[in-house]
Amino acid sequence: MSSITITLIQTDLVWEDRAANLQQLEQKIRPLAGKTELVVLPEMFSTGFSMRPGLLAETMDGPTVQWMKKLAAECRIILTGSVIIEDTPAGAEKPHYFNRLIWMLPNGQMGVYDKRHRFAYAGEDMHYTAGQKRLIASVKGWKINLLICYDLRFPVWARQSAAGSSPEYDVLIYVANWPNRRIHAWKTLLQARAIENQAFVAGVNRVGKDGNGIEHSGHSMVVDPLGEILYTKEEAEDVFTITLQKSALEEVRSKLPFWKDADGFVISDK
């Protein structure tokens, strides 16, 4: 059975300062070359969780995506995290902005996932367009479901399908800017998503105070398919690498094949 090595980067972010964030993240990422296969960054890692996309948005040819492409190639890693992107359809009357997760491969190919559940409490629904479909990436025989922050509160969007002969995915990743005031929900729901989907779950959160004065305490986590916490870190910045074993996942699913009994459903595009 295969294994996959994943690195979580829990970091403070400089508010709305792309150059500063990319510089500090590159200093954390370059030493990982040859030591990991997948590096996971927080939500909106180049800016912080900002509601000013008109000022901060980039295109898919912009500096942050190019930085990801360059770093992934030079370090021979997969690099993922979300960025403020403008991707306006032809003929649209106004710009369309997305909280877009980029899945960047070393060869320059990429996948994207646009956050479906926008955090209306902070006005995200007023500034960003909702995504309509998930991204489940494949690497080394592992299937990885990639979601963003507030998506964590909506279990149907992450639910394994019972339609096939095997689960849809093996690892569920959330990139986040989850505030300390609701950190109990973050920790509890990460464990719940692992248990109900019989998958490894990794949640990468930021630390520090953002430009709105909101405190973030990290608590990035890796959880096994039984809900046991394999790693967590609070308050401080951290770069943590872990190797996940497919054999451990298959053992749980074989002995306790609960995923086969899941309800069938179709998700509306509304």
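## Strands and sheet

Strand β3 (residues 78-86) and strand β4 (residues 97-104) run antiparallel and are joined by eight bridges. Within this pairing, Thr-80 stands opposite Trp-103 in β4. The structure described here is a predicted model.

Both strands belong to an open sheet of six strands, arranged in the order β5-β4-β3-β2-β1-β13 with mixed pairing. Its edges are formed by β5 (110-114) and β13 (238-245), each of which pairs on one side only. From one strand to the next, the twist averages 30°. Helix α3 packs on this sheet, where it touches β3, β4 and β5, and its direction makes about 170° with that of β3.

## Packing of two helices

Two packed helices are described by the angle between their axes and the distance between the axes. For helix α1 (residues 18-29) and helix α3 (residues 63-75), the angle is about 10° and the axes are 12 Å apart. Angles under 35 degrees count as roughly parallel; α1 and α3 are therefore roughly parallel to each other.

On the α1 side, the contact is made by Arg-18, Leu-22, Leu-25, Glu-26 and Ile-29, and on the α3 side by Pro-63, Thr-64, Trp-67, Leu-71 and Cys-75. By class, seven of these residues are nonpolar, one is polar and two are charged.

## Nonpolar cores

The largest nonpolar core has 47 residues, and those with the most contacts inside it are Trp-103, Ile-144, Ile-173 and Leu-244. Helix α6 (residues 183-197) gives the most to this core, with six residues. Apart from this core lies another, of 20 residues, among them Leu-32, Trp-67, Cys-75 and Val-83.

Notes. Residues are numbered from 1 along each chain as its sequence is written. This is a predicted model: local features need pLDDT of at least 70, side-chain atom pairs count only at pLDDT 80 or more; totals for chains, interfaces and linings use all residues. Side-chain values use heavy atoms; hydrogens and water are left out. Axes are lines fitted to C-alpha atoms, for helices over the stretch in contact, and angles run from 0 to 180 degrees between N-to-C directions. Helices (H or I, at least four residues) and strands (E, at least two) are DSSP runs, numbered from the N terminus. Angles under 35 degrees count as roughly parallel, over 145 as roughly antiparallel, 65 to 115 as roughly perpendicular and the rest as oblique. Contact means heavy atoms within 4.5 Å. Ala, Val, Leu, Ile, Met, Phe, Trp, Tyr, Cys and Pro count as nonpolar, Asp, Glu, Lys and Arg as charged, and the others, Gly among them, as polar. A nonpolar core is a set of buried Ala, Val, Leu, Ile, Met, Phe, Trp, Tyr and Cys residues joined through side-chain atoms within 4.5 Å. Buried means under 20% relative accessible area, exposed over 50%, partly exposed in between (1.4 Å probe, protein chains only). Two strands pair if DSSP finds at least two bridges between them.
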